[in-house]
Amino acid sequence: MLSRRRFAQAVVAATAGATVVGCSAQLAAAPAAAPATTGGNTSLGPIKQIDAGELSIGYAEAGPAGGPVVVLLHGWPYDIHSYVDVTPRLVAAGYRVIVPFLRGYGPTRFLSKDTFRNGQQSAIAADIVALLDALKIEKAVFGGFDWGARTAVIIAALWPERCKALVSVSGYLVTNRETNKQPLSPAAELGWWYQYYFATERGILGYTKNRHDFNKLIWKIASPKWTFDDATYDRSAACFDNPDHVAIVIHNYRWRLSLAEGDPKLDALEQKLAQGPAVSVPTITIGTDFDGPNTDGKAYRSKFSGKYEHRVLNGIGHNVPQEAPEAFAKAVLDVDRF
């Protein structure tokens with residue numbers, strides 16, 4: 001097992017000399033051409049910054065200050081622009097919408113250079129709970145996909161008092177590391193090729209050097225029917241140049257495969273998550289072409305004990321809020337009325 005010290009040394013060595021470009025400027029300046037496959041919005045407006053837990057978190061905020069709160073969480077390799085067309089729809093319905101950059105993305109930064117660059121699931125969830133505290137938000141509706149869905153489900157399961165309702169793409173994504181030790185069918189294993197790549201030192205070097213093209217390939221593989229243009233991708237890709245991005249991504253996937261240690265202070269949370277806690281808050285889950293045999297949601301139905309609905313979006317890939325913003329926004333509005 002790779003120790004935290006050795007992991008940190010490997011990432012520092014691999015990223016030494018890499019050019020780091022912040023994405024704040026790109027967020028303020030919209031690309032010249034609007035993406036053809038979205039509603040035409042290119043910006044979420046000025047990015048705010050607030051200290052929360054271990055981080056200074058960059059986030060977009062829109063809508064009335066006194067409106068009911070929705071927190072929208074992105075995944076890898078995406079950023080807050082996944083919600084560029086969802087947010088206006090929710091604001092029009094009177095919601096206050098918060099869209100944060102996760103650790104390792106965009107302008108979000110660690111407050112201390114000595115903090116462990118930890119990508120494990122409970123650390124990311126704790127970040128968002130800390131953000132709620134910093135913004136003095138008691139309770140919110142959560143929506144997410146990929147890492148964002150996992151984070152939202154964890155908050156709903158472990159901190160239900162902070163979660164009014166939930167929209168989760170691909171359902172119940174809480175990682176059980178013991179289960180992850182079991183092999184899948186060859187065809188299923190093929191889909192996770194990048195996790196095995198990231199398990200190698202070559203993977204660190206390759207992702208550091210080629211993250212722009214690497215992540216663009218992931219976009220295409222995960223959403224083969226989504227005809228996004230270069231401006232759409234480049235707007236998000238700028239946010240992968242965060243100085244901690246490589247460390248967080250590599251650790252996230254190595255931790256899932258039990259190849260890297262987590263933070264001992266999070267052990268109690270991970271022990272709870274390993275038990276597969278049910279989600280009791282009102283929930284809508286969304287299945288897409290990306291989910292393969294799990295598109296119908298039957299595999300995780302038992303994990304949701306409150307009022308529940310599953311929706312299937314045919315012809316849509318992994319980045320649901322950007323590929324199908326109207327359907328995603330409607331799910332948020334509907335689940336809040338459950």
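A salt bridge is taken here as a side-chain nitrogen of Lys or Arg within 4 Å of a carboxyl oxygen of Asp or Glu. The structure is a predicted model, in which local features need pLDDT of at least 70 and side-chain atom pairs count only at pLDDT 80 or more, while totals for chains, interfaces and linings use all residues. Residues are numbered from 1 along each chain as its sequence is written, and side-chain values use heavy atoms, with hydrogens and water left out.

Across the whole structure, 18 salt bridges are found. In one of them E54 pairs with K265, with 3.0 Å between the closest N and O atoms. Because E54 sits in the loop between strand 1 (47-52) and strand 2 (55-62) and K265 in the loop between helix 11 and helix 12, the pair ties together parts that are 211 residues apart in sequence; helices (H or I, at least four residues) and strands (E, at least two) are DSSP runs, numbered from the N terminus. E54 is partly exposed at 25% relative accessibility, whereas K265 is exposed at 56%, where buried means under 20% relative accessible area, exposed over 50%, and partly exposed in between (1.4 Å probe, protein chains only). Both residues also belong to a network of salt bridges that links E54, R103, D127, D263 and K265.

Another salt bridge joins D334 to R337 at 3.2 Å, N to O. Here D334 counts as buried, at 13% relative accessibility, while R337 is exposed, with a relative accessible area of 61%.
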